[in-house]
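Let's take a friendly walk through a protein model together. Have a look at the sequence and the 3D view below, then read on.

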Amino acid sequence: MKKRYIFSCGDINGIGPEIVIKSLNRLSGKKGNQFIFICPGNVFKEISSLIRPSFKVKVVKKVDEIDGEDIILFDTGMFKLTSGKPTKSSGKAAFLSLEIAAELLMRNLADALITAPISKEALNEAGYRYPGHTELLAEWFQTRDFAMMFLSRKLKAALATIHKSLSHVPGLLSKQRLESVSDVILNSLKKDFRIN
C-alpha cells in the first residue's frame, strides 16, 4: 500500500515552493509512495519556470479528486506572488495549505506532513495569530503534549521551548516541562522510529 506524504507550500513569497519542487525532483520515481504538494497553481507554475520539475504532476482542486498518481499538485487557487516579502496574501496561502493538509490527515487520507517554512509576519497580516506550525497543528489536533523535533540519521532532538525569545526561556523551564518534552521524545522514538 502506498504511503501518502503531504508537502505544504509554506510562505509562497519565501523559499518554500522552491524547496518542495527540488525535494520532489529527488523523490520522484520512488515507487510505493505518493506525494501531494498543496500550493497555489500560479505559484507552482512560476517557480517551475525557475526550477524545472523532473516529474509529471496531476493537478487537482478537491480532496475527492486525489487518486493513485505518484505526484499531485493540490491547486489552492490564485494568490499574488511578491517574492521576498511576507504579505497578507502569502499568509492566507500558507494557512490554507495547512488547513487542507490537516483535513487530509484528520480523515486518515495521508500518512505524514512535511511543512515548508512559514512567515509569522505574513500569518499575522492575514489575521492568524500563531507563532509557528507546531502550535497551530497542536491546537488543530487537540494535543497539549507536543514538541518540535529535529531529525537526522545521527541525531534526534526536541526543543523544550519554541518560538520564545531567549530572555523568556529560563522562566519557561521547569521540571514538569522537561518531563513532558522527554515523554514526547521517548514516545516518538518508540512509536515512530522503533527505538526501544
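## The pocket lining

Around the largest pocket, the lining residues divide into 18 nonpolar, 7 polar and 6 charged. Here Ala, Val, Leu, Ile, Met, Phe, Trp, Tyr, Cys and Pro count as nonpolar, Asp, Glu, Lys and Arg as charged, and the others, Gly among them, as polar. The lining has 31 residues, and Leu 113, Ala 147, Leu 151, Ser 188 and Asp 192 lie nearest the centre of the pocket. A pocket is an open set of points on a 1 Å grid over the protein atoms alone where a 1.4 Å probe fits, with protein on both sides within 12 Å along at least five of seven lines; lining residues have an atom within 4 Å of a point.

This is a predicted model: local features need pLDDT of at least 70, side-chain atom pairs count only at pLDDT 80 or more, and totals for chains, interfaces and linings use all residues. Residues are numbered from 1 along each chain as its sequence is written, and side-chain values use heavy atoms, leaving out hydrogens and water.

## The sheet

An open sheet is formed by 5 strands in the order β3-β4-β2-β1-β5, with parallel pairing. Strands (E, at least two residues) are DSSP runs, as are helices (H or I, at least four), numbered from the N terminus; two strands pair if DSSP finds at least two bridges between them. Because β3 (58-60) and β5 (112-114) stand at the edges with a single partner strand each, one side of each has no neighbour in the sheet.

Strands β1 (residues 3-8) and β2 (residues 33-39) are joined by 6 bridges. Ser 8 has Ile 38 in β2 as its bridge partner.

## A salt bridge

Glu 18 and Lys 22 form a salt bridge (a side-chain nitrogen of Lys or Arg within 4 Å of a carboxyl oxygen of Asp or Glu). Their closest N and O atoms are 2.9 Å apart. Because Glu 18 and Lys 22 are 4 residues apart in helix α1, about one helical turn separates them.
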